[in-house]
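Welcome, and please take a moment to look over the sequence and the model below. We will then walk through the fold together.

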Amino acid sequence: MGHRILPKRIILVRHGESQGNQNDTAYATTPDSQIPLTTLGIKQAQLAGEHIRRVVSDEGLSHNWKVYFYVSPYQRTRSTLREIGRSFTRDRILGVREECRIREQDFGNFQEKEQMKANKADRQRFSRFFFRFPQGESAADVFDRISSFLESLWRDIEMKRLVQHQICDDEINLIIVSHGLALRVFLMKWFKWTAEQFELLYNLDNCECRVIQLGAGGKYSLAIHHSEKELVKWGFSPEMIADQKWRANADKGNRNDKCLDAFFDHLPGNSSSSDSSDSSDSESYSDDNSILTCDQDGEIEIKTLADADCR
């Protein structure tokens, strides 16, 4: 099997302000999928495009970067992508794909304001992750389709569909334009967070970004691009922050066994990942290929984009 060409970054972007964000009565007369951006939302998306360009180009220091977009089929996400795209020339864009599985959580076809208010109050009492809206979805349901999307994403990477006919030293940046809850669920699946950890997270602001970046050791982390202060602001627990910092520098064959402490009281604490008797299970490539059916033992060599043979 050829060497996998891993994206340098995966950037998650919530859509700009929509008419539903501005006035939630819009959902009573307009299907959720057809809610448009406001004038402010359009401006937010344009500014997000400028910000993303600075990130992927390392403030202009990198010259071999490319972007590939995945976008929810909803009108507000497609419009957000259209405005973000103004910051990129055609030669920088590898491709774009509309992806239905990263759509907004379904709340029902039309949303009566008072009933939706009562449903959201019930969700707070029951569980933000497991509560299912009548005639709609729970966050757990969204988790299932995001998991399916990730399987397809990693097949695309494995088969080098994102870099076809491109030179091999390109820095690939995947940009996913979606919705607040779907993006939190994406992070949950990516980093293997528990339902309890998901409950801690705050929603992204309109056009706010989360940058997941590949570390030198072969693992992805939010702590490479984002500060600890930002992680705290987003609701990360001290354990989640420590894990992100560990991932930023960890080798691909290592595991963070401290996560076991939450499940087994009798295990000794402070176990070192280097002391683990098994460093070749599905935690290798912990954030990227737990859903693959091959090379889960961590033995596959990761080459840099500069020396990968992708022709």
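The model is predicted, so to speak of local features a pLDDT of at least 70 is required, side-chain atom pairs count only at pLDDT 80 or more, and totals for chains, interfaces and linings use all residues. Residues are numbered from 1 along each chain as its sequence is written, and side-chain values use heavy atoms, with hydrogens and water left out.

Let us begin with the chain as a whole. It holds 9 helices and 6 strands; these are DSSP runs numbered from the N terminus, with helices (H or I) of at least four residues and strands (E) of at least two. Of the 311 residues, 52% are buried, where buried means under 20% relative accessible area, exposed means over 50%, and partly exposed lies in between (1.4 Å probe, protein chains only). Among contacts (heavy atoms within 4.5 Å) with a separation of 6 or more, 73% link residues 24 or more positions apart.

Now find the sheet. At the E6 end, 2 bridges join E6 to strand E5 (residues 209-214) in the antiparallel sense, and Gln-213 has Ser-221 in E6 as its bridge partner.

Val-67 shows both pairings: its bridge partner in E3 is Ile-93, while in E4 Val-67 stands opposite Asn-173. The next residue along, Tyr-68, has Gly-95 as its bridge partner in E3. Is E2 mostly covered or open? It is mostly covered, with 7 of its 7 residues buried. Trp-65, Val-67, Phe-69 and Val-71 lie on one side and Lys-66, Tyr-68 and Tyr-70 on the other, and both faces are covered.

E2, helix H3 (residues 75-84) and E3 make a right-handed β-α-β unit; right-handed means that, with the strands pointing away from the viewer, the path from the first strand over the helix to the second runs clockwise.

Next, look inside. In soluble globular proteins, nonpolar side chains tend to be buried together. A nonpolar core here is a set of buried Ala, Val, Leu, Ile, Met, Phe, Trp, Tyr and Cys residues joined through side-chain atoms within 4.5 Å. The largest has 45 residues, and those with the most contacts inside it are Ile-176, Phe-186, Trp-190, Trp-193, Ile-212 and Phe-236. Elements that each supply at least two residues of this core include strand E1 (9-14), E2, H5 and helix H6 (180-191). A second, separate core of 19 residues includes Val-13, Val-67, Ile-175 and Cys-209. Leaving aside residues up to four places away in sequence, Phe-186 touches Ile-10, Leu-12, Ile-146, Phe-149, Leu-150, Ile-176 and Ile-212.

Helix H5 (residues 139-158) has 20 residues and reaches 28 Å from its first C-alpha to its last, close to the 28 Å expected at 1.5 Å a residue; the expected span is 1.5 Å times one less than the number of residues. H5 is mostly covered, with 14 of its 20 residues buried. Ser-138 caps the N-terminal end of H5, placing a side-chain oxygen 3.3 Å from the backbone nitrogen of Ala-140. Just after H5, Lys-160 takes a positive phi of about 60°.

Finally, visit the loops. Asp-58, in the loop between helix H2 (39-56) and E2, has a positive phi of about 50° although it is not a glycine. Glu-59 is found in the loop between H2 and E2 and has a positive phi near 55°. Asp-58 is partly exposed at 29% relative accessibility, whereas Glu-59 is exposed at 59%. His-226, in the loop between E6 and helix H8 (228-233), is buried at 8%.

Note on methods:
Pairing = 2+ DSSP bridges. Polar contact = N/O pair within 3.5 Å; in protein donor to acceptor, adjacent residues only side chain to side chain.
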